[in-house]
Amino acid sequence: MSRRPAVAKTPKARPTAGPAQPVGRPGAPRRSAPPERAPRTAARARVSLPAGVAPAQVIVRAGKERSLERRHPWLYAGGVEHVIGDPASGDTVALIDASGGFLAWAAWSPQSTIRARAWSFEREDRIDPAWFRARIQRAIERRCHLHERTDAVRLVFGEADGLPGLVVDRYGSQLVIQCLAAGVAAHREVLVDALVATTGCVDVYERSDAAVRAREGLESTTGVLRGREPSGPIEIVEDGIRYGVDIVSGHKTGFYIDQRDNRRAVRDEIGRLRRDRTGQPITMLNAFSYTGGFSLAALAGGATSALTVDSSAEALAMAQHNAQRNGFGPEQLVVAQSDVFALLSEAAQQQRRFDLIVLDPPKFAPSASHVERAARAYKEINRKALGLLHPGGALFTFSCSGAIDVDLFQKIVAGAVIDAQVDCSLVRRLGAGDDHPMAMTHPEGEYLKGLLLRRN
Ligand code: SAH
């Protein structure tokens, strides 16, 4: 199996909120864009920070403080009036409103359009190792109940856990982390220390190779941070089903943990179909299968066969291993390396029918500018899949595009239902598991949405 070498190191953590920062020193060098107006002396005079704390200050343009006041954690570049001091990427800065009032402590990210991400809205907080440890502990405690069902749990989910840009997944005793913003990249060592101390896990692997790192001016970096390099895929057990997870070369951190509850729902739906169709074979189509998570869930629920389709040969090889791990044969988990769009058309020509179909494509809309094209692609696969469903059959359809909200996704799928000329009911809306919560103040955190439709 190919191993990715550890690439460039992330910048070293600088002391947080250290006393070395010159606050409001006249003529202090600034790395950020020059101010549009001269610094307001009033702003510097009126803000009072806790004694001994002298970080750089970012004065927020009048009017742009409102979202921070509503505890939305991001300050965009356009909201920066000027910077007092010379913060480096990832340093902790104080966000101050135009009249000198404290808004938040935040991580400075000079190259990103999201120029600062708030750590805390409490003036008295010190963003130091103890503070990071407390955040990590709180995030882990919120997930304790999940360990009964699975040993694959997302322990930290960025903004929802008050640690913007940090993702930590636990697979058995292995931790995999992604530092996707300047602040968490700069504090990586402190965060890893806290994770090791809190979980007792000794093996920590970094997969900070997501494209979003580039937007923060950070290089891609992967490799062992603590303990050993895994000698092969890690085996995890979720709801009694075994899955192999390749944390080194797999997608993201290796497994789509976020689909746990939906895998369970697929299994339950197969149970319903079996009750409705006693003695008849139950067939499922898992389109965009990756390593076959939904196929295994369907087979565990009693499906006769699961056609498992992906364009990636490595993903399908792991899906076959996963079948073996659970005692299912190749006539049960059938793999097809194919483009899903083409396979759906072929299946229609061959008049194939399925009792349950899962559509879980990659993010078709990486940003708002891709929404229209993505909508057409979502509609096409849904229309084609609906035409392949037996009456009484179920479609689980997903979108992980943050730029397409649940209402729009439902409209797109409704359009597909009309074009397919099938009679369908929406049974339920679906989302990510509860280790992927969303901060109510940060709706951008919601990305995975799904619909369960039944054909009448
Ligand atoms: N359902 C999976 C996750 C899917 S991720 C799970 O629960 O684990 C999206 C998958 O779609 C990836 O494995 C990727 O290889 C595959 N893919 C992307 N475009 C594709 C296409 N046009 N046809 C087939 N597979 C595709």
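# Close-up views of a predicted protein model

The protein has twelve helices and 20 strands; helices (H or I, at least four residues) and strands (E, at least two) are DSSP runs, numbered from the N terminus. This is a predicted model, in which local features need pLDDT of at least 70 and side-chain atom pairs count only at pLDDT 80 or more, while totals for chains, interfaces and linings use all residues. Residues are numbered from 1 along each chain as its sequence is written.

**View 1. An open sheet of five strands.** The strands stand in the order S7-S8-S9-S10-S11, and their pairing is mixed; two strands pair if DSSP finds at least two bridges between them. Strand S7 (152-157) and strand S11 (221-226) are at the edges with a single partner strand each, so one side of each has no neighbour in the sheet. On average, neighbouring strands of this sheet are turned by 20 degrees against each other, direction ignored. Helix H5 (residues 188-199) lies across S8, S9, strand S10 (203-208) and S11, and runs at about 155 degrees to S9. Axes here are lines fitted to C-alpha atoms, for helices over the stretch in contact, and angles run from 0 to 180 degrees between N-to-C directions.

**View 2. Strand S8 and its two partners.** S7 and S8 pair in the antiparallel sense over five bridges, and one of the pairs joins Arg154 to Asp169 in S8. Strand S8 (residues 166-171) is also antiparallel to strand S9 (residues 174-179), over six bridges. In S9, Cys179 is the bridge partner of Leu166, and Ile177 is that of Val168. S8 and S9 form a hairpin with two residues between them, and Gly172 in the turn has a positive phi of about 60 degrees.

**View 3. The two faces of S8.** In a regular strand the side chains alternate between the two faces of the sheet. Leu166, Val168 and Arg170 on one side of S8, and Val167, Asp169 and Tyr171 on the other, are all buried. A residue is buried if 20 or more other C-beta atoms lie within 10 Å of its own, exposed if 12 or fewer, and partly exposed in between, with C-beta atoms placed from the backbone.

**View 4. Ala298 in the nonpolar core.** The largest nonpolar core has 124 residues, and Ala298 is among those with the most contacts inside it. Such a core is a set of buried Ala, Val, Leu, Ile, Met, Phe, Trp, Tyr and Cys residues joined through C-beta atoms within 7 Å. Leaving out residues up to four places away in sequence, Ala298 touches Val266, Arg267, Ile270, Met284, Ala303, Ala306 and Leu356. Two residues are in contact if their C-beta atoms, placed from the backbone, lie within 7 Å.

**View 5. The shell around the ligand.** The ligand is surrounded by 18 residues, the closest being Tyr256, Phe288, Tyr290, Ser311 and Asp360; a residue is near a molecule if its C-beta atom, placed from the backbone, lies within 6 Å of it. H8 and helix H10 (340-349) are the elements that give two or more residues to this shell.

**View 6. Two loop residues with positive phi.** Tyr290 is in the loop between strand S14 (283-287) and helix H8 (293-300). Its phi is near 50 degrees, a positive value in a residue other than glycine. Tyr290 is buried, with 24 other C-beta atoms within 10 Å. Lys252 is in the loop between strand S13 (241-245) and helix H7 (260-276), and has a positive phi of about 50 degrees although it is not a glycine. Lys252 is partly exposed, with 17 other C-beta atoms within 10 Å.
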